[in-house]
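Visitor: I am new to this structure and would like to learn how to read it, one feature at a time. Could you take me through it slowly?

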Amino acid sequence: MTEVRTLKVALLGCGNVGAQVARILIEDAEALAARTGARLELSGIAVRNVNAKRDVELPQELFTTDADTLVKDADMVIELMGGIEPARSLILTAIQNGACVVTGNKALLAQDGPTLYEEADKAGVQLSYEAAVAGAIPILRPIRDSLSGDRITRVLGIVNGTTNFILDQMDSTGAQFSDALAEAQKLGYAEADPTADVEGHDAAAKAAILASLSFHTRFALENVHCEGISNVSAADIAAAKDAGFVIKLLAIAEKLTDAHGGEGVSVRVHPTLLPREHPLAAVRGAFNAVFIEAENAGELMFYGQGAGGTPTASAILGDLISSARRLVLGGPGRTETTTGHVPALPIDAAQTSYYIGLDVADQPGVLAKIARLFADHGVSIEIMRQTIHRDADSNVETAELRIVTHRASEAALAATVEAVKGLDVINSVTSVLRVEGV
Ligand code: NAP
């Protein structure tokens, strides 16, 4: 009879995700061993307070506050503490000791990913982080492995459930941002301090990871242009709806070629109008989805739960088993390639369509004046719609103009909007939003 190897697994953190990972490792030990070819022995769980009540009942003797000793004695380390320190130092110790590491810590990867990837490469160990982007959805492995023979051209992701919930509430009930945020907080979808979610920082960390794997180049957080949703008004949502669009916070990574044939990648997060028939427009509530365009595969979409203890634990276990199989079989670990060397482009170079709302005087010749100004700036108009409003008290008529442009550069659009503001027939520019999927 062949002897089955035992791999010692150290778990750092036993919160929402960690507790579920511990439960699965214990409850499904037999099935996991059969799939892995090795027994995955939970050797200990490092926490701050060993006596705290946990979401699941776990053997008390597993708990320790001595994370250092636990890590030094492990074949595999699962980091689910969150934050930068001590998570970073513990991961580095694990790597230096030759242990594989699985983490869901997008904040740490966004801040210090390159150091960790390099250290893992040097030590020949695997560092996996499927759970760091879109929770339960298998998206990093498909990009890195399944699509490694293809060329990805564009990635559009709804990767933050909190903001998707808020925008969906605004869209379906007409609520203002602040009311939808309060509802998200009441239901536990948003934290008491929602800044990281609503200002797009969480999505930006994930955009950097998606762009790095998709374009075989390491992109850092500072390469990501980031705008959140706190300025999206109920009026923006209503106007978008009226024009057949929905507003989503998208993480976008796309390859662009400039006028001289030079290639670069634009990585950005911002509120974006999508036609209601686009597959991402159907992603409701706190769900996540990632839409990929590749030269040979065409369009692909990955959809599911982007957070939650049990769904996220599924992604952690997937990484753990994949790494454990490599330990059993031997040979080099799975690594990502960084041979793309494509530069990150500034936001000015991004190319997209735009939706522009204008409040204008209702006079003859106004439409022609505005159309000419757009043409002079090299921005071509795809749709222009006018609605007349009459003020009941003053009886003065104003016109609301809604314009959707063809793809144009941010720089050309910004110059156009500045010039439009200077026209005497313009009362105000009511919204400028980027559009994808048209
Ligand atoms: P959590 O509920 O806050 O749990 C954190 C755990 O880490 C707690 O058990 C805590 O111990 C322990 N811990 C924190 N600092 C520690 C320290 N200095 N020393 C020892 N133990 C420490 O976090 P979570 O929601 O499970 O998230 C864990 C990680 O997964 C984060 O990086 C998060 O971004 C990522 N993630 C989470 C989700 C999700 O849906 N929750 C989804 C995707 C990714 P005590 O219990 O004793 O305080």
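**Reading the sheet, the helices and the rings**

Guide: Please keep in mind that this is a predicted model.

Visitor: In what order do the strands of the open sheet lie, and which of them stand at the edges?

Guide: The open sheet is formed by 6 strands in the order E3-E2-E1-E4-E5-E6, with parallel pairing. Strand E3 (63-64) and strand E6 (127-128) stand at the edges, and because each has a single partner strand, one side of each is left without a neighbour in the sheet.

Visitor: Which strands does helix H1 lie across?

Guide: Helix H1 (residues 16-27) lies across E1, E2 and strand E4 (76-79), and its direction runs at about 145 degrees to E2. Helix H4 (residues 87-96) also packs on the sheet, where it touches E1, E4, strand E5 (100-103) and E6, and its direction makes about 150 degrees with that of E5.

Visitor: At what angle do H1 and helix H12 pack?

Guide: H1 and helix H12 (residues 309-329) pack at about 60 degrees, with their axes 8 Å apart, which makes H1 oblique to H12. The crossing in which H1 passes H12 is right-handed. Among the residues that meet there are Val17, Val21 and Ile24 in H1, and Ala313, Ile316 and Leu320 in H12.

Visitor: Is Val102 buried or exposed, and which residues does Val102 touch?

Guide: Val102 is found in strand E5, and with a relative accessibility of 1% Val102 counts as buried. Leaving aside residues up to four places away in sequence, Val102 touches Val77, Ile78, Glu79, Ser128, Ile316, Asp319 and Leu320.

Visitor: How many aromatic pairs does the structure hold?

Guide: The structure holds 3 aromatic pairs. In one of them, Phe165 and Tyr189 are tilted, at 4.6 Å centre to centre and with 40 degrees between the planes. This pair links distant parts of the chain, 24 residues apart, with Phe165 in helix H7 (residues 161-173) and Tyr189 in the loop between helix H8 (177-186) and helix H9 (195-198). Phe165 is buried, at a relative accessible area of 8%, whereas Tyr189, at 40% relative accessibility, counts as partly exposed.

Visitor: Why is the pair of Phe287 and Tyr303 stacked?

Guide: Planes under 30 degrees apart count as stacked. The planes of Phe287 and Tyr303 are at 5 degrees, with the ring centres 5.2 Å apart, so the pair is stacked. This pair, too, links distant parts of the chain, since Phe287 lies in strand E11 (residues 287-294) and Tyr303 in strand E12 (residues 298-305), 16 residues apart. Phe287 is partly exposed, with a relative accessible area of 32%, and Tyr303 is partly exposed as well, with a relative accessible area of 47%.

Terms used: Residues are numbered from 1 along each chain as its sequence is written. This is a predicted model: local features need pLDDT of at least 70, side-chain atom pairs count only at pLDDT 80 or more; totals for chains, interfaces and linings use all residues. Side-chain values use heavy atoms; hydrogens and water are left out. Two strands pair if DSSP finds at least two bridges between them. Helices (H or I, at least four residues) and strands (E, at least two) are DSSP runs, numbered from the N terminus. Contact means heavy atoms within 4.5 Å. Axes are lines fitted to C-alpha atoms, for helices over the stretch in contact, and angles run from 0 to 180 degrees between N-to-C directions. Rings of Phe, Tyr and Trp (its six-membered ring) pair if their centres lie within 6.5 Å; planes under 30 degrees apart count as stacked, over 60 as edge-to-face and the rest as tilted. Buried means under 20% relative accessible area, exposed over 50%, partly exposed in between (1.4 Å probe, protein chains only). Angles under 35 degrees count as roughly parallel, over 145 as roughly antiparallel, 65 to 115 as roughly perpendicular and the rest as oblique. A crossing is left-handed if the near helix is turned anticlockwise from the far one by less than a right angle, and right-handed if clockwise.
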